[in-house]
Protein chains: 2
Amino acid sequence: MDILMGVGRAGLKPSGRPDLLLVLLPQTCKASFLFTRNHFKSASVLYSQGVFGGRVRALVVNSGNANCGVGKEGLLHAELMAKKVAERLELEEEEVLVFSTGVIGKPLPIGDVLSAIDSACDLLEPLDLKRASEVISTTDSFPKYDFLKRGRLEVFGFAKGAGMIHPNMGTMLSFVFTNAELEEGVIERLHRDVNERTFNSISVDGCMSTNDSFGLISLGLIREELQKVSDAVEEVSLSLAKKIVQDGEGATRLIKVVVKNASLQLKAKMIAQSVALSNLVKTAVFGKDPNWGRIVAAAGSTPFPIDQFKIKLYVGNHLLYDGKTHLKALEGARKYMERAQEVEIILDLMEGKESWTYYSSDLTYEYVKVNAEYST
Amino acid sequence: MDILMGVGRAGLKPSGRPDLLLVLLPQTCKASFLFTRNHFKSASVLYSQGVFGGRVRALVVNSGNANCGVGKEGLLHAELMAKKVAERLELEEEEVLVFSTGVIGKPLPIGDVLSAIDSACDLLEPLDLKRASEVISTTDSFPKYDFLKRGRLEVFGFAKGAGMIHPNMGTMLSFVFTNAELEEGVIERLHRDVNERTFNSISVDGCMSTNDSFGLISLGLIREELQKVSDAVEEVSLSLAKKIVQDGEGATRLIKVVVKNASLQLKAKMIAQSVALSNLVKTAVFGKDPNWGRIVAAAGSTPFPIDQFKIKLYVGNHLLYDGKTHLKALEGARKYMERAQEVEIILDLMEGKESWTYYSSDLTYEYVKVNAEYST
C-alpha cells in the first residue's frame, strides 16, 4: 500500500540532474487540485485542469521546462506524457495528471521526456519526500518537504519554488497527502480553506506564476475527525509554504505580517498582503531598519480605510506607533531586527475581531542579481 | 501679474539647503487638487483637502518632513503654516494650501517652520520653476519642471519625487499652471482625465505615498479652445511624470508598457500596470534580458482574461511571441535593450480598440542600496 516514485532524466536542467518525477498512488484516490489563476497558463496546467475529475492515480512532473508559451503543441505534449504513463503502468489516462516547471517559451524535447518516463517506470521505489522535492526543483536551494504523524493520522507532502511566487493559486508545485478518508465535497472545501491561509498567504516577489499547482490527495486508509485532519493538513501546508518563502530568491530573512482586530477578514488579508509585498518594507527589513512609516503607508494604500489616529503598530514586541510616534522604542526595534531570522510586524486595527497572517521575504542585492542575470 | 515665490530654511534637510517654498498667485485662481488615496495621509494633505474649495491664492510647501504619522498635532501645524502665510500676506486663510514631503513620523519643528515662512515672505521674486523644484526636492537627483507655449497658450509646472511612487493619486508633489481660463466643473474633469493618463500611469516601486498631491491652477488670463488646453496640460503633466520615473531610485532606464487593442480601457490599464510593476520584468530590463516569459506571466496575472494563443508581444519592434515563440528574434531584442534608454514593451491583445500606456523604471542594486540604507 505504499506510494511509489520513479525518476528519469530528459536533459531539461543545465546541471543534467534528474528532471522527471513519477508518483504512483497505491489505488485511485480522491483528490483536490488548485491551479494558478494566471490567464497565461502552462499547457500542462491547461491539460491537467481539463482532465481532472476529482480522482487521481499518478502524477508526472518535469522540471527545467515550464511547457508554457509554446502554442497548442504544448497541450499535445502534456497529453503524450499522460498517455505514456497510462500505457506503461496500465492506468486510466484521465487519472494521470501532468505538471511542468522551469523556463517559459521553449518547446519540450518530447522524445527525451517520453524516454525519461520510460526509465522512471522501469524502477519504482517507495516515495522519498526529500528526493521527490529535489527532482522537481529548479532555482530552489534546498528541498522542501514535511511529515506529520498525530496518532494514526498521517499528513505529508513535498514542494518546490523560490521565485515568481505570489498568491492567488497554490504556489508553484506542492503535493500534500493524507492517509485519512476525505469525502468528495469535503476535500475541496478543506483544500481551498487551507490554501487561502498557507500558499495564498505567501509571496516572494509579487509575481504570479504560469504553472502553480497545489494538490491534496486522500489515501482513504483511516477515518478521523475532520477538524483534526484539517489542522494537520494546514500545518504541513504552512510548513511547505514557509520553506518556499525562506528559500525566496536572494532572501536573508522571513517577514511575518499579522493584521489583527480588523472588521473583515478580507480587509485584514489585503492590508497584511500590502505590507508584506511593499518593496520599501522589504528593503527596510534587509537593511534592518524599523522604518515604520513605510509600513503604515503600505497599510493605508489598500481600498480599505484605516484610522490613523487609532491603529497600533509593533515590530517584534516594540510598540512604534499608536496614533503618535514612540521614537524611543526605535532602538529596541532596531536591535530586534538585527537578530531576528523571522521579522514579525503586527498591526492592530483596533476595530473588530478578524485577523490574517501573511509571509514574505526581504528584497536584497542578491534578488536583483539572480533575476537580472537569470536568462531567458 | 507674475506668479511670485519665496524661499526659506527651517533646517529640515540634512544638507541644510532651503526647504520651504511659498508660491503666491497674482489673484485668487480657480484650481483643482488631487490628493493621495492612501488612508494613512499626511496631516498637511488632510488639512488642505479640508479647506480647499475650488480656489487658491498661495501654496506653502515644506520638504524634508512629511508631517505624517505625528498624531493630531500635525493638523495644528498645517493650520499654523496657512495662518502665518495668510497673516503676513493679507490673504484668506482657506485660500492658502499646505503641502509637506519627506520623512514620516517626526514632528515638525513648527517654530523653525514659521520663521522660515517669515523669511520667505520677506523676499518675493518671480516664480523660477527650476528653483521651485529644487527647494521642494528630497531624494530627487535633478529638478523637474517644464514649460510649453503654444500661440498665446501657456502651460508650465514643477514637481518632485523619486521614491514611494505609485498610481492612485497625483504622484508626490506636482503643480501645473496655465494662463487659460478654465471654468469650475471643467477644470476638475480635465484634471482627473489628465491625471489618469500621466501621474496615475507611472510607478517607481509600487508604493503609494502618504503625501502625494497634484494641483492644476488656472490663471484665467486668456480664453482658449478646451481641447487645446487639455492637450497642453497633458503634455506638461506627462513630461513631469516621466521625469519622476526617470529619476526613480536607482533607475538606469525607463520602461514604457503599451497595451493595445484591448476590449476595455480599464483592462488595458490593469495589464499595462501589472507588467510595469513586475519586479521580475523590472530586473530583466536592468539585466538587458528580453525575458518575455515574465512579461506574459505578468500580463496574465490580472483578473482580466487574455487569449494566450492570440496575443502578440513586441520588445521594441521585435516580435517575440504571437501564440508561438520566435526564438530567433531574441538576439535583436537583446541588442535593442542594450542601447535603449526607454525600453518599449508592446502587448497587442488582438480583441478590441482600447489602449493604455504605463511607465516605470528598472529594479537595480542601487534601488536596494538606497532603500536598505535610507534610515527612519
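This is a predicted model: local features need pLDDT of at least 70, side-chain atom pairs count only at pLDDT 80 or more; totals for chains, interfaces and linings use all residues.
Residues are numbered from 1 along each chain as its sequence is written, while chains are lettered from A and ligands numbered from 1 in the order in which they are written.

Chain B contains an open sheet of six strands, ordered β9-β15-β11-β14-β12-β13, with mixed pairing. Strands are DSSP runs of E with at least two residues, helices are runs of H or I with at least four residues, and both are numbered from the N terminus; two strands pair if DSSP finds at least two bridges between them. The edges are β9 (202-203) and β13 (318-321) of chain B, each of which pairs on one side only.

Within the sheet, β11 (residues 254-262) and β15 (residues 354-361) of chain B run antiparallel and share seven bridges. B:Val258 has B:Thr357 of β15(B) as its bridge partner. Helix α7 (residues 265-277) of chain B packs on the sheet and touches β9, β11, β14 (342-348) and β15 of chain B. The direction of α7 makes about 20° with that of β15(B). Axes are lines fitted to C-alpha atoms, for helices over the stretch in contact, and angles between N-to-C directions run from 0 to 180 degrees. Contact between two residues requires their C-beta atoms, placed from the backbone, to lie within 7 Å.

The axes of α11 (residues 365-373) of chain A and α8 (residues 279-286) of chain B come within 7 Å and cross at roughly 70°. α11(A) and α8(B) are therefore roughly perpendicular to each other, a term covering 65 to 115 degrees; angles under 35 degrees count as roughly parallel, over 145 as roughly antiparallel, and the rest as oblique.

On α11(A), the contact is made by A:Val368, A:Asn371 and A:Ala372, and on α8(B) by B:Leu280, B:Thr283, B:Ala284 and B:Phe286. By class, this contact has five nonpolar, two polar and no charged residues. Ala, Val, Leu, Ile, Met, Phe, Trp, Tyr, Cys and Pro count as nonpolar, Asp, Glu, Lys and Arg as charged, and the others, Gly among them, as polar.

## The interface of chains A and B

In total, 52 residues of chain A are in contact with 52 residues of chain B. On the side of chain A, the elements giving two or more residues are α8 (279-286), α9 (292-299) and α11 of chain A. The largest share, six residues, comes from α9(A).
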